[in-house]
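Please keep the sequence and the structure in view while reading.

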Amino acid sequence: MRLIGSAFALVVLLIGSAAAGEVREHGGLMVKDVWSRATPARNGVAYMTIFNHGHHMDQLVAVESPVSKKTEIHTHSMKDGVMRMRRIEAVEVHPGEPAVFAPGGNHVMFMGLHEKLVVGQTFPVTLIFEKAGKVTVEVKVGKAGSMGHDGHKHGGHKKMDHNSVHNHKHGS
Ligand SMILES: [Cu+2]
């Protein structure tokens with residue numbers, strides 16, 4: 001990871017100003033609508049939208065959270081007519097082209113949750129960008145099966161994933 005001096009200064013300035021809400025602006029990157037779903041299971045997911053208001057492509061290269069043993073960037077892809085999720089190394093965030101993490105597509109995966117996720121809870125996730133560095137956001141936990149950060153409910157997680165094929169983007 002390379003950090004130019006001015007970018008580093010910006011990182012330091014912004015670390016002290018974490019918004020309590022869902023929006024973080026950081027080195028030209030803005031992270032919005034960060035949400036998760038309640039689950040009694042061992043694994044959890046989180047979704048969000050990342051905007052790039054800068055002039056250069058950046059990419060999300062890693063994710064970290066204290067809630068689980070492992071935290072990974074995942075996507076869904078169709079293989080032999082079955083929707084599967086798999087780990088991906090990075091997600092590019094281009095200027096003017098928001099990177100959307102949504103049900104059926106890219107997501108942050110929490111593997112081996114230390115405790116179940118409950119509705120109304122918030123927890124931190126640190127997004128690590130190649131250029132902008134670390135951005136920590138608060139994830140809001142919605143109802144089990146919800147399809148958006150506003151908490152609309154449309155059935156269970158697994159069923160939903162299979163119905164959301166249209167969200168799938170072909171990766172590299
Ligand atoms: Cu996953």
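L127 touches V31, M48, L60, A62, V63, G133, K134, V135 and V137, leaving aside residues up to four places away in sequence; contact means heavy atoms within 4.5 Å. The model is predicted, so local features need pLDDT of at least 70 and side-chain atom pairs count only at pLDDT 80 or more, while totals for chains, interfaces and linings use all residues. Residues are numbered from 1 along each chain as its sequence is written, and side-chain values use heavy atoms, without hydrogens and water.

L127 is also among the residues that touch the most other members of the largest nonpolar core, together with M48, I50, L60 and F129; this core has 29 residues. A nonpolar core is a set of buried Ala, Val, Leu, Ile, Met, Phe, Trp, Tyr and Cys residues joined through side-chain atoms within 4.5 Å. Buried means under 20% relative accessible area, exposed over 50%, and partly exposed in between (1.4 Å probe, protein chains only).

## Strand pairing

β10 and β11 pair in the antiparallel sense over 8 bridges, and a hairpin of 3 residues joins β10 to β11. Strands are DSSP runs (E, at least two residues), numbered from the N terminus; two strands pair if DSSP finds at least two bridges between them.

## Salt bridges

E64 forms a salt bridge with K134, with the closest N and O atoms 3.8 Å apart. This pair links strand β4 to strand β11, 70 residues apart. A salt bridge is a side-chain nitrogen of Lys or Arg within 4 Å of a carboxyl oxygen of Asp or Glu.

Notes:
Helix = DSSP H or I, 4+ residues; strand = E, 2+ residues; numbered from the N terminus.
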